[in-house]
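Dear colleague,

Please find below the structure that I am handing over to you. My notes on it follow directly after.

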Amino acid sequence: IIPLEEYLFSVVPGEIPALWHVEALKAQAVAARTYAYYHISKKKKKALYDLDATTKFQVYKGASVENNKTTKAVLETAGQILTYKGKPILSYFHSTCGGRTIDDKYVWRGKDLIYLQGVDSNFCKSSPHWKWNETLSLREIEKYVSNKYSKVRKIFSIQFKRNKGRISEVKILHRNGILRITGNDFRLLFPLKKLKSTYFKITQKGDSLELHGKGWGHGVGLCQYSAKGMAENGINYKTILHYFYKDIAFARLVTSGNLAKN
């Protein structure tokens, strides 16, 4: 049990390097605060907790990772959250977009939030994940897919559907039938750095797929490395957030738990 702002003292340096430009840190602080408040406001009455401490929600490592610079960014944006039509937004963020973010509807089935639309951004070129290459053998794919989907045996073919350059759906024909999953669910079947994003092109070489990819993460909402690049080019945190979240407004949390216009 911890106050929201103190929670952010650990979350912000847990999500991005504390040495980054202060305007990028502020953008992350507001996005993280909004993300937390959104989930708190949606929590079921009998739920045991608001958020967990992992990437399933946001990374929380406790007081040991707190940093003066990120704490300052949290304090200087205290209470600020992002809203759409007066309600807190689901402020997704990710490491590196690779040149363009993506609409949430192409990543998660059943979602189509107007404020989560893809935008172009080349500000994340400094990211070590701007471009990457990986090779997946058929045996590897069978192994990781069957770890979660036990009925998948002996893959005959794999088809990839794209939207806006990213893999949005994967269709796997196997001995026991057909498996259809989202591109992001396919990505998450593999170890963390094995398949960094769904933004990749494919070349088949025998029983293997050579992937030539860009970015790291699901690609929705705020691109953290773009925030870094924009901040280093003199762009303030409010402009950064308005760029990655469409038609949003800033509001401030007050002690009663209600929202006040910022």
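Does F160 count as buried, exposed or partly exposed? At 24% relative accessibility, F160 counts as partly exposed; here buried means under 20% relative accessible area, exposed over 50%, and partly exposed in between (1.4 Å probe, protein chains only).

Please note that this is a predicted model, in which local features need pLDDT of at least 70 and side-chain atom pairs count only at pLDDT 80 or more, while totals for chains, interfaces and linings use all residues. Residues are numbered from 1 along each chain as its sequence is written, and side-chain values use heavy atoms, with hydrogens and water left out.

Aromatic pairs

The structure holds 13 aromatic pairs (ring centres of Phe, Tyr or Trp, the last by its six-membered ring, within 6.5 Å; planes under 30 degrees apart count as stacked, over 60 as edge-to-face, the rest as tilted). The ring centres of F160 and F186 are 5.8 Å apart and the planes stand at 80°, so this pair is edge-to-face. Because F160 lies in strand β5 and F186 in helix α5 (residues 183–187), the pair ties together parts that are 26 residues apart in sequence. F186 is buried, with a relative accessible area of 2%. Both rings belong to one aromatic cluster, formed by W132, Y144, F160, F186, F190 and F200.

Strands and sheet

Helices (H or I, at least four residues) and strands (E, at least two) are DSSP runs, numbered from the N terminus, and two strands pair if DSSP finds at least two bridges between them. Strand β5 (residues 155–163) pairs with strand β6 (residues 166–174) in the antiparallel sense over eight bridges, and I158 stands opposite I172 in β6. Two residues lie between the strands of this hairpin, where K164 takes a positive phi near 55°.

An open sheet of three strands, with antiparallel pairing, has the order β4-β9-β8. β4 (131–137) and β8 (200–205) stand at its edges with a single partner strand each, so one side of each is left without a neighbour in the sheet. Seven bridges join β4 to strand β9 (residues 208–214), and L209 in β9 is the bridge partner of L136.

Helix α3

In helix α3 (residues 68–76), T70, T71, A73 and V74 are buried. They cover an arc of only 155° around the axis (taken from the directions from the helix axis to the C-beta atoms), which puts them on the same side of α3. The face turned away from that buried side carries the exposed residues N68 and L75.

Kind regards
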